[in-house]
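Reader: I would like to learn how to read some features of a structure. Please take them one at a time, with the general idea before the case.

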Amino acid sequence: LALFFVHVHVLVLCCLCSSAASSLWHMNDFIKAVEQLEDGNPQLAPLAVLRSLRGAAGLNDAFIQHFLGNASSGGLEMDASLSDYMGKAVRHRVTEDGREQGVALTSDGTTVALKPLLLGIEAGFLSKTKGHVVGLYQLTLAKDLGLSFKHVHRSPLSPRLGPDGCWDNVTSPKVFTLSGSPSLITTAQVNGGMDGVILGMEIFVQSGHPLKLSSLLKAYYCHRLENEGLDVVQHPISPQRREKFRELIVPPLLARQVVRSINLRRRLKGHPKMQVKEKNFIIISDCPAIIPRCAWDAEPYRGTPTLLSLPLSFMYIHHTSTPSQPCLTFEQCAADMRSMQRFHQEDRGWDDIGYSFVAGSDGYIYEGRGWHWQGAHTYGHNSRGYGVAFIGDYSSRLPSQHSMGLVRDQLASCAVGGGRLVGNFTLQGHRQVVNTLCPGDAFYKEIQGWEDSCKNLSAD
């Protein structure tokens, strides 16, 4: 879980950020605002900065104070416009018209609620001073899950989490609108909670710690380059949040923390302790994180899409050939998706980008036509299976190991578990059913060994 807090030789690529007054909700803009605070108050430790941010957002209820103490300025100087920006950035809520506030678009293309993120980081710093973990799980995820206990108690099923949403503009994000009715915890809250747990625990266990809060956030969310090559590039750590979160917390542990949160809230309100049964909360499904169409700025579908008859029996593997180079950042992968969509719609006359899903080398799967709509990827077989492409030309080399694992293990498992692929589905390279060189000689040889993995998925 090492986050490499101090690596002066590493090039960190964060976009230049606008001033706080512009109210852009990109993580880079928030980090820039934090830097502005730190530069104006160089004597303050990260814990004091975090408490000041909490104070600006009004996050000072009895539950939070129980773990973190009272929020105060702590001697930090903050002008009115910066204080207003910070308050809006950290204060989380969902409006009646489905807009989620207090969230930020990260450089990896996902959206994160800042409140649970910062509470987890503050808990990590405080835990380090006390020598034991203080409120990390309750402040990031357990309390919000506990608020939904009555719903969970009535239902034998795990609670529905989500949804995700869309930004008005991925370059200058100002408004984030949910894609459906808000559930118990939105996707951004889950992302922020997971990141808060990961960073809070990392601070607690590390022998040292970053000198600045902004340095910690940059190390986690900003693109880092150390070497050439797909599998030695240091991506932002944030795309690994699901894997890292699974390493830190298992459902029974989270369930215990939810029950403790319920009883603590009741005690703080003067109510007796409740006798509640622990219920596992499935925060992370078997599905990989999928970047939705709106996030890569897809053009609308042209015409009337054809609904697939699920479950399908095949998954067809492609390489894009053009673009020929792997994409290593969200910005480049999103640009490649737009380029392919333009080519498919304007040059080939198709209704949309042809692929069902596309794998980048940035740690994410990108939604093409998705789970429900017939694609244009494998001539004569589009109604029978999903077409999954890897960005790049893999005639003489392989995609990154991580991107292959996302498709081979997670996307395939997600499709089977969700009833989108039959359990004994067949995985084939494009060239096995169409006269083509796709998905490239090197990659085609590689996927011949995926058959056993797919059989194991169906056996599960």
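Reader: How many aromatic pairs does the structure hold?

Author: Rings of Phe, Tyr and Trp (its six-membered ring) pair if their centres lie within 6.5 Å; planes under 30 degrees apart count as stacked, over 60 as edge-to-face and the rest as tilted. The structure holds twelve aromatic pairs. In one of them, Tyr394 and Phe443 have ring centres 5.9 Å apart and planes at 70°, so this pair is edge-to-face. This is a predicted model, where local features need pLDDT of at least 70 and side-chain atom pairs count only at pLDDT 80 or more, while totals for chains, interfaces and linings use all residues. Residues are numbered from 1 along each chain as its sequence is written, and side-chain values use heavy atoms, with hydrogens and water left out.

Reader: Where in the chain do Tyr394 and Phe443 lie?

Author: Helices (H or I, at least four residues) and strands (E, at least two) are DSSP runs, numbered from the N terminus. Tyr394 is in the loop between β13 (385-390) and α13 (401-417), and Phe443 is in helix α14 (residues 441-447). The pair links distant parts of the chain, 49 residues apart.

Reader: Why is the pair of Phe443 and Trp450 classed as it is?

Author: The ring centres of Phe443 and Trp450 are 5.9 Å apart and the planes stand at 75°, so this pair is edge-to-face. Phe390, Tyr394, Phe443 and Trp450 form one aromatic cluster.

Reader: Are Tyr394 and Phe443 buried or exposed?

Author: Buried means under 20% relative accessible area, exposed over 50%, and partly exposed in between (1.4 Å probe, protein chains only). Tyr394 and Phe443 are both buried, and Trp450 is buried as well.

Reader: Which residues of helix α10 are buried?

Author: An α-helix has 3.6 residues a turn, so residues three or four places apart point the same way. In helix α10 (residues 241-248), the buried residues include Arg241, Lys244, Phe245 and Leu248. They cover an arc of only 100° around the axis (taken from the directions from the helix axis to the C-beta atoms), which puts them on the same side of α10.

Reader: What covers the buried residues of α10?

Author: Contact means heavy atoms within 4.5 Å. The cover includes β5 (111-113), α6 (136-147), α8 (187-205), α9 (213-221) and α11 (251-268).

Reader: What lines the second largest pocket?

Author: Rolling a probe the size of a water molecule over the atoms shows where empty space is left. On a 1 Å grid over the protein atoms alone, a cavity is a set of points where a 1.4 Å probe fits but cannot get out; a pocket is an open set with protein on both sides within 12 Å along at least five of seven lines, and lining residues have an atom within 4 Å of a point. The second largest pocket is lined by 23 residues, of which Thr320, His344, Arg348, Trp350 and Tyr355 lie nearest its centre. The largest share of this lining, four residues, comes from α12.

Reader: Where is there a cis peptide bond with omega of about 5°?

Author: That bond joins Thr322 and Pro323, and Pro323 lies in the loop between β10 and α12. Ser321 is placed in the loop between β10 and α12. Ser321 has a positive phi of about 65° although it is not a glycine, and it is partly exposed, with a relative accessible area of 31%.
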